[in-house]
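Here is a short briefing to read alongside the model. Have the sequence and the 3D view open as you go.

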Amino acid sequence: MSSRSSYLLQKELDRAETYAQWRDIAMRIDQIEGMDKWKSIERTNLYDYQAIRSRYNILREMRESGDDHGLLFALNEGIHGNMGGMGSSELFKKTRFGTKQLINDYIDEVTNALYHLASPDVASISIDEKLEFFNRAAHCFGRSALMLSGSGSLFYFHLGVVKALWEQNLLPSVISGASGGAIVAAIVGSHTHEELETIFDAEHLKIQVE
């Protein structure tokens, strides 16, 4: 498809009003520009794809074979959010949406392994062992947090980001900020999940100028 198609879609992307609209358009642009192929190719010097592929294969094989103790040991041996440099910002600048498929697959497999081990169906590992592991994993693997910079009167942009995360049920429980970002963090932190629906309403946010 032509670069003109990509240009027109970029205009649509700039006008997107919801995350869902933005995501769909961004994925179409990536497809037009041939970036889907880049996502599917594991090899690159931007991260240690061999280490991630090896870890992915080990975790999946142990989970599917029912080797729960082996899975627990494998996760204990190396579980952190920047495995093989997969958290490098360069990996998220190449495309409009997403990054290497291997990274997505690896994160999904770690998630599946954690849910599996947490399940009460896994009785071969004691509750004490599970608690010890998950407490350690909470530090090593980490938990998402949202940091909002100072923004002055542009803090509405922060609200837009928070709203998009809230709509996708991805809003972290830890939010902090400075200046305008601190105001947004305070607003969000002092309201329940249900109350935020009203907070994000455009009429509620309107500033009255006399």
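Which residues are buried in α6? They are L102, I103, Y106, E109, V110, A113, L114 and L117, where buried means under 20% relative accessible area, exposed over 50% and partly exposed in between (1.4 Å probe, protein chains only). This is a predicted model: local features need pLDDT of at least 70, side-chain atom pairs count only at pLDDT 80 or more, and totals for chains, interfaces and linings use all residues. Residues are numbered from 1 along each chain as its sequence is written, and side-chain values use heavy atoms, with hydrogens and water left out.

**Helix α6**
- Helices (H or I, at least four residues) and strands (E, at least two) are DSSP runs, numbered from the N terminus.

**Nonpolar cores**
- A nonpolar core is a set of buried Ala, Val, Leu, Ile, Met, Phe, Trp, Tyr and Cys residues joined through side-chain atoms within 4.5 Å.
- The largest one has 26 residues, and Y106, L117 and F133 are among those with the most contacts inside it.
- α6 gives the most to this core, with 7 residues.
- A second, separate core of 11 residues includes L148, W166, L196 and I199.

**Loop residues**
- N169, in the loop between α8 (155-167) and β2 (174-177), has a positive phi near 60° without being a glycine.
- S179, in the loop between β2 and α9 (180-189), is also not a glycine and has a positive phi of about 55°.
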